[in-house]
Amino acid sequence: MSHSTPWLDVSIPLSSAMPHYPGDPVPDIKRVSLLEKGADANVTHLSVSAHAGTHVDAPVHFFSGRAGIDQIPLDATMGRARVVHLKGDGPVSADALRAHDPRPGERLLLRTRNSDRRWWELPFQESFAGLNQEAAAFLAERRVGCVGVDYLSVAGFHEDSPGVHRTLLDAGIWIIEGLYLGEAAPGDYELVCLPLRVAGADGAPARALLRPWTRG
């Protein structure tokens, strides 16, 4: 079926200058072989965390023995998704999510104040909007299939980050982090987001694309 609507890229570019979560390895992306210096080809070396930039978390990130990123069901982060806009200066709360009535199995992408700026061009911001524990428990109760957020962690920096992640992952909710949703209006979209197939890894960088949903 033809589709004339262009894709919207909602992933961020990987670069050495992008912010990284405190404690994670500093991104190091550099050209190690150059045509201008007589090499046969240009070759770039990548040294980044599995949780750098736009990425997907796997259950083994917080549960030993659980599924790695190479075991993600392909439809977990592909298919119909809904972008919702959340306002406010504090953490993402259960009440804010309740107003949008999340549905079982839904792929839910949360556009917050984080996407008011090109955040990947700025230093790491501890004040980013993320979920608190009550919000995570609410999404688990609603049994959504996937949640995507527009900063480097689904949990607010000053929230219980392990608790938020465990609540979501233990409920079977796949987590996309590091999106940029500044150009995504509220509504239904077709989502394509595939993490790299890294054997046994607890996460992997991904490319995420949206286009308005047009199917019945």
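**Exercise 1. Secondary structure**

Count the helices and strands of the protein chain, then give their order.

*Solution.* This is a predicted model. The protein chain has three helices and 10 strands. Along the sequence they follow the pattern β-β-β-β-β-α-β-α-β-α-β-β-β.

**Exercise 2. Overall dimensions**

*Solution.* Next, take the principal axes: the C-alpha trace spans about 60 × 45 × 35 Å. Finally, burial: 45% of the 216 residues are buried.

**Exercise 3. Two aromatic pairs**

Classify the pairs that Phe-124 forms with Phe-128 and with Phe-157.

*Solution.* The structure holds nine aromatic pairs. Take Phe-124 and Phe-128: the ring centres are 6.0 Å apart and the planes stand at 75 degrees, so this pair is edge-to-face. Both Phe-124 and Phe-128 are buried.

Now take Phe-124 and Phe-157. Their centres lie 5.6 Å apart, with planes at 65 degrees, so this pair is edge-to-face. It links distant parts of the chain, 33 residues apart. Phe-124 is in the loop between strand 6 (107-111) and helix 2 (133-142). Phe-157 is in the loop between strand 7 (146-149) and helix 3 (161-170). Phe-157 has a relative accessible area of 23%, so it is partly exposed.

**Exercise 4. Charges over rings**

Over which ring does the charged end of Arg-98 sit?

*Solution.* Arg-98 places its charged end over the ring of Phe-138, 4.7 Å from the centre. Likewise, Arg-66 lies over the face of Phe-63, at 4.3 Å from the ring centre.

Methods
Residues are numbered from 1 along each chain as its sequence is written. This is a predicted model: local features need pLDDT of at least 70, side-chain atom pairs count only at pLDDT 80 or more; totals for chains, interfaces and linings use all residues. Side-chain values use heavy atoms; hydrogens and water are left out. Rings of Phe, Tyr and Trp (its six-membered ring) pair if their centres lie within 6.5 Å; planes under 30 degrees apart count as stacked, over 60 as edge-to-face and the rest as tilted. Buried means under 20% relative accessible area, exposed over 50%, partly exposed in between (1.4 Å probe, protein chains only). Helices (H or I, at least four residues) and strands (E, at least two) are DSSP runs, numbered from the N terminus. A charge sits over a ring if NZ of Lys or CZ of Arg is within 6 Å of the ring centre and within 35 degrees of the ring normal.
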